[in-house]
Amino acid sequence: LMAMGRPREAERAARKAATLFERIGDPIGAGQSRRALGEAIARDPARWAEAERALTAAQAIFRDQGYEWGLALAELSLGEVEVRRGAATAVERLRRSLAYWTEMGVPALQARSLAALAEAADDHSDEPVKPNGPEVA
């Protein structure tokens, strides 16, 4: 739904999924749904704080479950929101995410991390931003 430009429908679906996963006792599913919810909400600048709460909730679930993939993805999503609102914490968060995706060999998420870092650099063109991670092929 997000890829089709339908964030409100994506938000409703993610909320419903999170509720269902919580009801059946699947914390990873609930965390993924909360992350998707945060990404859908983040499309509206007026709701960035709400998006960050959903993404932080997902991050906490993944941390509690020891689910590094989900944690790195939530970190990436949070970093993207922080870049949009100009938060200083975005660059370090995105560097951590990039390091994980580089280590795991996931080019699509490496590229997404690098794109967010580039956006952060554009927003602060007087302050160079470097990935500070392993070389990305």
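How many Å should the 18 residues of helix 4 span, and how far apart are its end C-alpha atoms? At 1.5 Å a residue, helix 4 should span 26 Å, and its end C-alpha atoms are 26 Å apart, which agrees. The expected span here is 1.5 Å times one less than the number of residues in the helix.

Before going on, some notes on the source. This is a predicted model, in which local features need pLDDT of at least 70 and side-chain atom pairs count only at pLDDT 80 or more, while totals for chains, interfaces and linings use all residues. Residues are numbered from 1 along each chain as its sequence is written, and side-chain values use heavy atoms, with hydrogens and water left out.

Now the overall picture. The order from the N terminus is α-α-α-α-α-α. The chain has 137 residues, and 41% of them count as buried. Buried means under 20% relative accessible area, exposed means over 50%, and partly exposed lies in between, with a 1.4 Å probe and protein chains only. Take the contacts between residues at least 6 apart in sequence: 51% of these join residues at least 24 apart. A contact means heavy atoms within 4.5 Å.

Next, helix 1. Its 18 residues, 7–24, should span 26 Å at 1.5 Å a residue, and the end C-alpha atoms are 25 Å apart, which agrees. Which residues of helix 1 are buried? They are Ala 10, Glu 11, Ala 14 and Ala 18. Seen down the axis of helix 1, the buried residues fall within an arc of 100 degrees, so they line one face. That arc is taken from the directions from the helix axis to the C-beta atoms. An α-helix has 3.6 residues a turn, so residues three or four places apart point the same way. On the other side of helix 1, Arg 8, Arg 12, Lys 16, Arg 23 and Ile 24 are exposed.

The buried residues of helix 1 pack against helix 2, residues 27–41. The two axes come within 8 Å and cross at roughly 160 degrees. Axes are lines fitted to C-alpha atoms, for helices over the stretch in contact, and angles run from 0 to 180 degrees between N-to-C directions. Helix 1 and helix 2 are therefore roughly antiparallel; the cut-offs are under 35 degrees for roughly parallel, over 145 for roughly antiparallel, 65 to 115 for roughly perpendicular, and oblique for the rest. Among the residues that meet are Phe 21 in helix 1 and Leu 37 in helix 2. Just after helix 1, Gly 25 takes a positive phi of about 80 degrees.

Back to helix 4, residues 68–85, and its partner helix 3, residues 48–65. Their axes come within 9 Å and cross at roughly 160 degrees. That makes helix 3 roughly antiparallel to helix 4. The contact includes Trp 48 and Phe 62 of helix 3, and Leu 71 and Val 81 of helix 4. Helix 4 is mostly covered, with 13 of its 18 residues buried. Just after helix 4, Gly 86 takes a positive phi of about 80 degrees.

Ala 111 is partly exposed, with a relative accessible area of 43%.

Conventions
Helices (H or I, at least four residues) and strands (E, at least two) are DSSP runs, numbered from the N terminus.
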